[in-house]
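Morning, everyone. Please bring up the model on your screens, and I will walk you through it.

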Amino acid sequence: MCTYLTSTEKVAGTGLGAKGWFPIESAVVYFDHPQEAPVEHALCIDFRAGGDDPGQRVAVELDARSARTLAESILATLAHDEVVALGVD
Amino acid sequence: MSSDKIEAGTITLVSGQGDEIEAYHARPVDAESYGSVVVIHHMPGYDSSTKEIARRFAAHGYGAVVPNLFHRYAPGASAGDGAAAARAAGGVPDAQCIEDVSGAVAFLKAQPSANGKVGVIGYCSGGRQTYLSACNLDVDAAVVCYGGGVVATPDQLTPERPVAVIDMTKDLRCPMLGLFGVNDANPSPEHTARMEEELKAHQKTYEFHTYDDAGHAFFWVERPSYNAEASRQGWHEIWEFYGEYLGG
């Protein structure tokens, strides 16, 4: 693809990096060339901290099928009645 | 026996807009006179694969510089972190890219044994940026390796990249070599046909090669997309092309 087409979402949560847990402020989502995954294109997500350290991120690269399965799994999990938002809109 | 000694390493490059960015410089040590090439890295960043390409040019008798187009977004970071930071910021603006490549051209021309001729080559998004650079800077030869996004629809334009590069073709200032894979989706064979149409319409000097069984990024040795035969033929075309126009 080699495109800059990217979706960036503000999120609230924490991620576990090499130096421990840190707050996550955004999720950058794109389907493009991965850095590492052995596929030509991957669904990539960078969970990013808000500070100046570019290494403060959790990155995942998923093949398209895995990404769809994960997305459906997340939505299915959140569909249960007992899941309640805790103040993050 | 001619010398095959090369020297390579990180330098600080002054961009055309005056600020400093990281870059990688490789050169033949004992050549009395040589042509030079700006190597524009792909979307995954300023990485070891691209630096290896610079050393390959040096081993073939060319000076080469890889400007780190993502430096401003993550100084000193790994290639992956730099690429992620640049993407999160919206990507490299075309105007900034032109200034960085301009700085690299000036640096190469200023080297003691440089013959004054400078080409540009780029891969993936760098292929598009090569097309962009060749339409906006005085360079002597441009090699576009599967540059996606040269042909762009209005909805694909952004404040950072406000003009479709193909619409700059009339300003192309040098011969162009294009290397593509027939199975690539971006640029697709339809995209490259559109590029050829525009280059012909403006009577530009160019040659395109589209390789059977190859897709995007067929030069990238470490990836599944690598295609040995397309890469072999592509490098042959590069040496012929730069040999003619850069005096390498």
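A word on terms before the fold: helices here are DSSP runs of H or I with at least four residues, strands are runs of E with at least two, and both are numbered from the N terminus. Keep in mind that this is a predicted model.

With that, chain B. Read along the sequence, the pattern is β-β-β-α-β-α-α-β-α-β-β-α-β-α. That gives six helices and eight strands. The C-alpha trace spans about 50 × 35 × 35 Å along its principal axes. Of the 248 residues in chain B, 56% are buried. Now take the contacts in chain B with a separation of 6 or more: 72% of them involve residues 24 or more positions apart. The accessible surface of chain B is about 9,800 Å², and carbon and sulfur atoms hold 46% of that.

Next, chain A. It has one helix and four strands. In sequence order they read β-β-β-β-α. Chain A has 89 residues, and 27% of them count as buried. For contacts in chain A between residues at least 6 apart, 25% join residues at least 24 apart. Chain A exposes about 6,000 Å², with carbon and sulfur atoms supplying 58%.

Let me zoom in on strand 7 of chain B, residues 176–181. How many of its six residues are buried? Six of the six, which leaves the strand mostly covered. In a regular strand, side chains alternate between the two faces of the sheet. Here B:M176, B:G178 and B:F180 point one way. B:L177, B:L179 and B:G181 point the other way, and all of these residues are buried.

Which strands pair with strand 7 of chain B? One is strand 6 of chain B, residues 141–145, in the parallel sense over four bridges. There, B:C145 stands opposite B:L179. Another is strand 8 of chain B, residues 206–211, also running parallel to strand 7, with six bridges joining the two. B:L179 stands opposite B:H209 in that strand. To get from strand 7 of chain B to strand 8 of chain B, the chain passes through helix 5, residues 189–201, and this β-α-β crossover is right-handed.

Over to the strands of chain A. Strand 1, residues 7–17, and strand 2, residues 20–32, pair antiparallel over nine bridges. A hairpin of two residues joins strand 1 of chain A to strand 2 of chain A. A:G17 has A:G20, in strand 2 of chain A, as its bridge partner.

Is A:A27 buried or exposed? The relative accessibility of A:A27 is 7%, and the cut-off for buried is under 20%, so A:A27 counts as buried. Setting aside neighbours within four places in sequence, A:A27 contacts A:S7, A:T8, A:E9, A:V11, A:I45, A:D46 and A:F47. A:D46 sits 19 residues away from A:A27 along the chain, yet their C-alpha atoms are separated by 5.5 Å.

Last stop, the interface. On chain B, 27 residues are in contact with 22 residues of chain A. The area buried between the two chains is about 1,900 Å², and carbon and sulfur atoms give 58% of it. Which three residues supply more than any other three of the area that chain B buries against chain A? They are B:M43, B:R87 and B:R223, with 32%.

B:R87 takes us to helix 2 of chain B, where it is one of the buried residues. Helix 2 covers residues 79–88, and eight of its ten residues are buried. Besides B:R87, the buried set is B:G80, B:D81, B:G82, B:A83, B:A84, B:A85 and B:A86. What covers them? The cover includes strand 2, strand 3 (42–48) and strand 4 (57–62) of chain A. After helix 2 of chain B comes B:G90, with a positive phi near 105°.

That is the tour. Questions, please.

Key. Residues numbered from 1 in each chain as written. Chains lettered and ligands numbered in written order. Predicted model: local features only at pLDDT ≥ 70, side-chain atom pairs only at ≥ 80, totals over all residues. Heavy atoms only, no water. Buried < 20%, exposed > 50% of the residue type's maximum accessible area, 1.4 Å probe, protein only. Pairing = 2+ DSSP bridges. Right-handed = clockwise from strand over helix to strand, strands pointing away. Contact = heavy atoms within 4.5 Å. Areas by Shrake-Rupley, 256 points an atom, 1.4 Å probe, with all protein chains shown as cover. Buried area = accessible area lost by both parts, 1.4 Å probe.
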